[in-house]
Amino acid sequence: KESRAVIFPMMDVSGSMDQNAKYMSHLYFKFLYRFLKKQYDRVEIVFIRYHDQARICETAEDFFHGKDSGGTSVTNALKLLQKTVAEKYNTNSTN
């Protein structure tokens, strides 16, 4: 049986996210990823940054340290998440 998971870390990168909040997000992600790696054979990560727009980041470095700014709208991030799941992942075989 295949054991596979996908996680979608999403981070608000608007002006309201200070360096401390970003650091705490980074720590939380590291612990979550380590836990999932013990539970699943394969863990894929799709990083989504958002402000008034949302985008998928190619790397963790871009996700945690990229330069974006603007207002805050989580709706765009959730729409991007939904679209990505529908286009790329079979929810019957991926957790």
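Student: How far apart are the mean positions of the positive and negative charges of the chain?
Tutor: Keep in mind that this is a predicted model. The chain carries 14 positive and 11 negative charges.

Student: In what pattern do helices and strands follow along the sequence?
Tutor: The chain has three helices and five strands.

Student: Where is K22 placed?
Tutor: Look at residues 19-39. That stretch is a helix, and K22 lies in it. The element is helix α1.

Student: Which side chain of opposite charge is nearest to K22, and how far away is it?
Tutor: K22 is buried, yet it has no salt bridge. A salt bridge needs a nitrogen-to-oxygen distance within 4 Å. The nearest side chain of opposite charge is D12, at 8.2 Å.

Student: Which residues does K22 touch, not counting those up to four places away in sequence?
Tutor: Set aside the sequence neighbours up to four places away. Contact here means heavy atoms within 4.5 Å. K22 then touches M11 and M17.

Student: What share of the contacts with a separation of 6 or more comes from residues 24 or more positions apart?
Tutor: Count the contacts in the chain with a separation of 6 or more. Then pick out those between residues 24 or more positions apart. Their share is 61%.

Student: What percentage of the residues count as buried?
Tutor: The chain has 95 residues. Buried means under 20% relative accessible area. The share that qualifies is 33%.

Key:
Residues numbered from 1 in each chain as written. Predicted model: local features only at pLDDT ≥ 70, side-chain atom pairs only at ≥ 80, totals over all residues. Heavy atoms only, no water. Helix = DSSP H or I, 4+ residues; strand = E, 2+ residues; numbered from the N terminus. Buried < 20%, exposed > 50% of the residue type's maximum accessible area, 1.4 Å probe, protein only. Lys, Arg positive; Asp, Glu negative; His and termini not counted. Charge placed at Lys NZ, Arg CZ, Asp CG, Glu CD.
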